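Thanks, everyone. I'll keep this short. Please have a look at the structure first.

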Amino acid sequence: MNLENKEEKHKISEENAEKVKCLIIGSGPAGYTAAIYAARANLNPVMYEGLQPGGQLTTTTEVENFPGYPEGVTGPVLMEDLKAQAKRFGTDIRFGLATSVDFSTPLKHKITIDDSKIIEAQTVIIATGATAKYLGIDDEKKYAGSGVSACATCDGFFYRGKDVAVVGGGDTAVEEAIYLAGLCNKVYMIVRRDVFRASKVLQDRVRKIPNIEILWKHQTKALFGDGVVEGAILWYQKGTPEEKEVQIKIDGFFLAIGHKPNSDIFIPYVETDEVGYIKTKGVSTKTKTEGIFACGDVMDPNYRQAVTAAGSGCRAAMDAERYLSEKIG
Ligand code: FAD
Ligand code: NAP
């Protein structure tokens, strides 16, 4: 048999597919909580962590609102704690990315990992979260890694004493601006409306910081610089009679305009809304395909918090356990 032939290789791995009761895709608060519950229910869960083990919270510093940590906790420590708890009950945690799925046969759902290995799962818990959005202007790609970043806590250190801008007006943008203000000389916030979307407590905090300047009703037109970002050209009041261009000198341009749910590979086996959030049935985590459950930010356009993601991870594992006991006893 010619192993160079991709189709034959695929056939062989499908025949030798590893069979599991419960596969968890994703290792954020939703995935780890699902793993804790699934492991304690004897579902012997296998988890694939994806490209960001620990999920979004590994990119942040202080988490003050996750219950059980009265003094707060850093995102990476919180995720290590959740991982340790999932491992304690026997979750098999592996590095790897689900690259395609075939959910057409109940109790024999096929998931391809890293385009090579195939898993056959009786139940699947989708906990793939969400990914940072970009504005879609060409200069974001041109200066990627040379001044453009979507993670202030990861890259802020490189801009100590410099001037930077944060785009967005939500909780993430405000938190990132506050974090950067502690490192940088000056932080501009580029906010497209004249109000924040962020929570009141964060708004109050950011307004008191002297080296943060909020540029209301501004949008980004372009970035410029010789190989690295040296500044941005902004529109003020774009599309109105007052529209004008404004130039700011900056070394770092941080995007904080929200996230896109990581649901693409599961279509058409799940239904999504117009943004891509997976729709689930009623208060359950059931998707339109039997044996497939979704939890966390990938199915939650409203709350998108660590604790709500964890809560829905618990529900997904319980839904999977109940489904299996109904199906196979
Ligand atoms: P995520 O944390 O997004 O994890 C998704 C996981 O899926 C990752 O491990 C990824 O590697 C994996 N994955 C994706 N695709 C695949 C694939 N194809 N195959 C395998 N694995 C895959 N919330 C709070 O409650 N408090 C806070 O203080 C707070 N601070 C935040 C700060 C920042 C900067 C950000 C961005 C968010 C913050 N949030 C906060 C929101 C919180 O991080 C999210 O609500 C939470 O992480 C969602 O958890 P999740 O498990 O659904 O997904
Ligand atoms: P978000 O709440 O969706 O806010 C996105 C922000 O970016 C909004 O201000 C939005 O403007 C702006 N925006 C979107 N597209 C844009 C574009 N093309 N150009 C310019 N601006 C654009 O996203 P988030 O701030 O990342 O928060 C996501 C979730 O995580 C939320 O539920 C949040 O509460 C949670 N979170 C919580 C904490 C915390 O509790 N401490 C910290 C971080 C995140 P408009 O307002 O005009 O739409």
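Start at Gln237. It sits in the loop between strand S15 (231-236) and strand S16 (244-249). Helices (H or I, at least four residues) and strands (E, at least two) are DSSP runs, numbered from the N terminus.

Before I go on, the ground rules. This is a predicted model, where local features need pLDDT of at least 70 and side-chain atom pairs count only at pLDDT 80 or more, while totals for chains, interfaces and linings use all residues. Residues are numbered from 1 along each chain as its sequence is written, chains are lettered from A and ligands numbered from 1 in the order written, and side-chain values use heavy atoms, with hydrogens and water left out.

Back to Gln237. Its phi is near 55 degrees, a positive value in a residue other than glycine. Is Gln237 buried or exposed? Buried, with a relative accessible area of 15%. The cut-offs: buried is under 20% relative accessible area, exposed is over 50%, and partly exposed is in between (1.4 Å probe, protein chains only).

Now Leu107. This one also isn't glycine, and its phi is positive, near 70 degrees. Leu107 lies in the loop between strand S6 (98-102) and strand S7 (109-113). Its relative accessibility is 23%, so Leu107 counts as partly exposed.

One more backbone feature. Ile267 and Pro268 are joined by a cis peptide bond, with omega about 15 degrees. Look for Pro268 in the loop between strand S18 (259-261) and strand S19 (292-294).

On to the ligand. How many residues surround ligand 1? The count is 35, and the closest are Ser27, Glu49, Gln52, Asp297 and Ala306. To be near, a residue needs a heavy atom within 4 Å. By type, the shell divides into 13 nonpolar, 17 polar and 5 charged residues. Here Ala, Val, Leu, Ile, Met, Phe, Trp, Tyr, Cys and Pro are nonpolar, Asp, Glu, Lys and Arg are charged, and the others, Gly among them, are polar.

Which helices each supply at least two residues of that shell? Helix H2 (29-40), helix H6 (171-181) and helix H8 (306-328). The largest share, 3 residues, comes from H6.

Last, the backbone contacts. A backbone N or O atom of Glu49 is 2.8 Å from an oxygen atom of ligand 1. For Ala98, a backbone N or O atom lies 2.9 Å from a ligand 1 nitrogen atom. Taken alone, ligand 1 exposes 1000 Å², and the protein buries 92% of that. Those areas come from the Shrake-Rupley method with a 1.4 Å probe.

Conventions: A polar contact is a pair of N or O atoms within 3.5 Å; within protein, one must be able to donate a hydrogen and the other to accept it, and residues adjacent in sequence count only if both atoms are side-chain atoms.
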